[in-house]
Amino acid sequence: MPNLNTVPAARRYLETNLRQRQVNKVLHSFPSPRFWKDREHGPLDVRLPGTDAPSCELYVALPFCLVTQPSHCGYCLFPTEGYQNQDQLDVYLNALEREGEQYRERWQALAPRSIFIGGGTPNLLKVHQYPRLLNMIHGLLPSLPPGTPVTLEGIPQLFSRDKLLAMKDHGVTRISMGAQQLDAGLSRLSGRMQQPKHVFQAVEWAAELGLGCNVDLIYGWPQQTLAHMHRDLHDLMESGVQHITHYELNVGGATDFALNRRDELPPPELVREMYFGAAEQLAQGGYAQLTPSDFQKVDEGLSSGFIYEECRRSFDAHDVWAWGYAAISDFPGHHRSPEAGGWTFMNQRNLPGYYGQLGEGTLPVECGYARSPADLRLSLLFRNLQSLSVDRASYLRNFGRDVLEEFSPIWQACEELGLLVIGPEAIRLTPEGTYRVPLIQTALMQGRVEEITEAHFAQLKAAGRIGSGRSEPDGRAAP
């Protein structure tokens, strides 16, 4: 693992990786779940009620997805369960209700600033099941202010006007569609059967019913060309959709795209050209860039500065309560002390395990991690980078240290390479740096990952579980 404690070393690392395909290693903030451990404790053990509780988000997970060939749409790295029949949905809602009941006392005064219902594919639910799900949520949150933003995620062909009306009537304010590609041929590479008409019809229905709407598109897809991308963006902007999330394909894991379609992926230099071409096209079409991947129509609520898919936009304390299969809760501790780390927990990623723990009357937590202060600072720094700048005063106020001094060699190397500009108030990303956020994050975490890895192997050795050889926590050979 490279040591990036000097500017020349950090610069060499960055220059080497600038020529390679980007990989987003921060899907769940910091550190990776591969470092998390089995736990007997859960969120209710570490978050005591009190007047000092920070603001929060609520994430509600539904696990099921349509079965595709290749599996997981060819690229998805998130845990899901294959949808077979409606009975699965009813059984899961029963379990979700049992889990929610364990939160009832704690959530009496909880007033999340937003709710996101994700998955999986939540719009697999039938029309009559939305009142049950949404009434369950509202019933556990009696202090929830009217009009709280509630987003529900889904795929285009499963939205219907009747479903959208039922969602709206029971509190959903916005939908988010994972279209990924509008070209039917490119979509079929993932095993998905949607057509462009499904996307545009759902956007039209959402506008008619007064629901906010986001559409996700992926660039860097197998066989995708610049022409494909520009046509999709043009047609989507013509639909009048409020928000477009345009993000780079993350190639990794045992996915079909990683294992079988690498030779069909656009080369790194073309993927970079796609990013800058899309950013320019969206700007010309009246969409402002809010994060490396989020673009919103200039006349659609920009004053709030609120990004639904990003839970935190500053270094101030902010909880994420997560409810359901594979859901991840996050509780930073620095609102109590600058030297507190906090906790993060993941629910069971195995559906029988999720049901089994609930049947035993316990929260279905699979693993968790007690963050050190250094871990927390990195976790929130990674989130903050999504806002295209790092507020030095906010970092100092929350953590009692200058973010520039803490990671000085990396910031200086990034500035030399034109990725950012260091100012007295903020570290601001350049357009190139905005594209390279995953690389900057990876450089920032190198030192701490090495510390965690060494501590992990020391524990295994002390327990007699390994000898002189070693492997990474996820089974890979260590560098």
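Modeller: A residue is called buried under 20% relative accessible area and exposed over 50%, with partly exposed in between. The model here is predicted, and Arg-401 is a case to start with: at 30% relative accessibility, Arg-401 counts as partly exposed.

Biologist: Which residue does the side chain of Arg-401 meet in a salt bridge?

Modeller: A salt bridge needs a side-chain nitrogen of Lys or Arg within 4 Å of a carboxyl oxygen of Asp or Glu. Arg-401 pairs with Glu-406, at 3.7 Å from N to O. Glu-406 is partly exposed too, with 26% relative accessibility.

Biologist: How many salt bridges does the structure hold?

Modeller: There are 18 salt bridges in the structure. One of them joins Arg-448 to Glu-451, with the closest N and O atoms 3.0 Å apart. Both residues belong to helix 17 (residues 437–462), where they sit 3 residues apart, about one turn of the helix. Arg-448 is buried at 18% relative accessibility, whereas Glu-451 is partly exposed at 48%.

Biologist: How should I read the salt bridge between Glu-15 and Arg-11, and what is the distance from N to O?

Modeller: Their side chains meet at 3.1 Å, N to O. Glu-15 and Arg-11 are separated by about one helical turn, because they are 4 residues apart in helix 1 (residues 7–18). Glu-15 is partly exposed, with a relative accessible area of 29%, and Arg-11 is partly exposed at 28%. The pair also belongs to a network of salt bridges that links Arg-11, Glu-15 and Glu-416.

Biologist: Where does Leu-417 lie?

Modeller: Leu-417 is in the loop between helix 15 (408–416) and strand 17 (420–422). Its relative accessible area is 21%, which makes Leu-417 partly exposed. Leaving aside neighbours within four places in sequence, Leu-417 is in contact with Arg-11, Leu-14, Glu-15 and Leu-18. As for Ser-190, Leu-417 is 227 residues from it in sequence and 36 Å away in space, C-alpha to C-alpha.

Biologist: How many disulfides does the count come to?

Modeller: A disulfide is a covalent bond between the sulfur atoms of two cysteines. Here the count comes to 0 disulfides. Take Cys-73: the closest cysteine sulfur is in Cys-65, 6.4 Å away, so the two are too far apart for a bond. For Cys-213, the closest cysteine sulfur is that of Cys-73, at 19 Å, again too far for a bond. Cys-73 counts as buried at 17% relative accessibility, and Cys-213 is buried at 4%.

Biologist: Turning to a helix, how far does helix 8 reach from its first C-alpha to its last?

Modeller: Helix 8 (residues 226–238) has 13 residues and reaches 18 Å, close to the 18 Å expected at 1.5 Å a residue.

Biologist: Which residues of helix 8 are buried?

Modeller: They are His-228, Met-229, Asp-232, Leu-233, Leu-236 and Met-237. Seen down the axis of helix 8, these residues fall within an arc of 155°, so they line one face of the helix.

Biologist: What covers the buried residues of helix 8?

Modeller: The cover includes helix 6 (184–188), helix 7 (196–209) and helix 10 (268–284). Strand 8 (212–219), strand 9 (243–248) and strand 10 (287–289) are also part of the cover. Just after helix 8, Gly-240 takes a positive phi of about 85°.

Definitions and conventions. Residues numbered from 1 in each chain as written. Predicted model: local features only at pLDDT ≥ 70, side-chain atom pairs only at ≥ 80, totals over all residues. Heavy atoms only, no water. Helix = DSSP H or I, 4+ residues; strand = E, 2+ residues; numbered from the N terminus. Expected span 1.5 Å × (residues − 1). Buried < 20%, exposed > 50% of the residue type's maximum accessible area, 1.4 Å probe, protein only. Arc of directions from axis to C-beta. Contact = heavy atoms within 4.5 Å. Disulfide = S-S within 2.5 Å.
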